[in-house]
Amino acid sequence: MARAGLQLSVRELAEMARVSPTTISKLERGEALYSRTVDAIRAALEAAGIEFIPQNGDGFGVRLKTKPE
């Protein structure tokens, strides 16, 4: 969902996170990854403007950060 919101391809996100496109595909399929790999992907998404929302009863989520005024 985060990748789609940023309109990034698998390859673009992989480059940003410095992982392989296969790794991004594995993450999106829900396969297990090393925590440091997940951290790198999360950091890349956050740097690109994604905010991760903690569980609030309806599950976890993501949204695009708003620009400061």
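Trainee: Which residues of α2 are buried?

Mentor: In this predicted model, the buried ones are Leu13, Ala14 and Ala17.

Trainee: Why do they end up on the same side of α2?

Mentor: Because they cover an arc of only 105° around the axis.

Trainee: And which exposed residues sit on the face turned away from that side?

Mentor: Arg11 and Glu15.

Trainee: What covers the buried residues of α2?

Mentor: The cover includes α1 (2-5), α3 (21-29) and α4.

Trainee: Switching to the core. Which residues make up the largest nonpolar core?

Mentor: Eleven residues. They are Ala2, Leu6, Leu8, Leu13, Ala14, Ala17, Ile24, Ile41, Ala44, Leu45 and Ile50.

Trainee: Which elements give two or more residues to this core?

Mentor: α2 (10-17) and α4 (35-47).

Trainee: Take Leu13. What is it in contact with, leaving aside neighbours within four places in sequence?

Mentor: Leu13 is in contact with Arg3, Leu8, Ile24, Ile41, Ala44 and Leu45.

Trainee: Back to α3. At what angle do α2 and α3 pack?

Mentor: About 105°, and their axes are 8 Å apart. Angles of 65 to 115 degrees count as roughly perpendicular, so α2 and α3 are roughly perpendicular to each other.

Trainee: Which residues meet there?

Mentor: From α2, Val10, Arg11, Leu13 and Ala14. From α3, Pro21, Ile24, Ser25 and Glu28.

Trainee: How many of each class in that contact?

Mentor: Five nonpolar, one polar and two charged residues.

Trainee: Last one. What follows α2?

Mentor: Arg18. Its phi is positive, near 60°.

Note on methods
Residues are numbered from 1 along each chain as its sequence is written. This is a predicted model: local features need pLDDT of at least 70, side-chain atom pairs count only at pLDDT 80 or more; totals for chains, interfaces and linings use all residues. Side-chain values use heavy atoms; hydrogens and water are left out. A nonpolar core is a set of buried Ala, Val, Leu, Ile, Met, Phe, Trp, Tyr and Cys residues joined through side-chain atoms within 4.5 Å. Buried means under 20% relative accessible area, exposed over 50%, partly exposed in between (1.4 Å probe, protein chains only). Helices (H or I, at least four residues) and strands (E, at least two) are DSSP runs, numbered from the N terminus. Contact means heavy atoms within 4.5 Å. The arc is that of the directions from the helix axis to the C-beta atoms. Axes are lines fitted to C-alpha atoms, for helices over the stretch in contact, and angles run from 0 to 180 degrees between N-to-C directions. Angles under 35 degrees count as roughly parallel, over 145 as roughly antiparallel, 65 to 115 as roughly perpendicular and the rest as oblique. Ala, Val, Leu, Ile, Met, Phe, Trp, Tyr, Cys and Pro count as nonpolar, Asp, Glu, Lys and Arg as charged, and the others, Gly among them, as polar.
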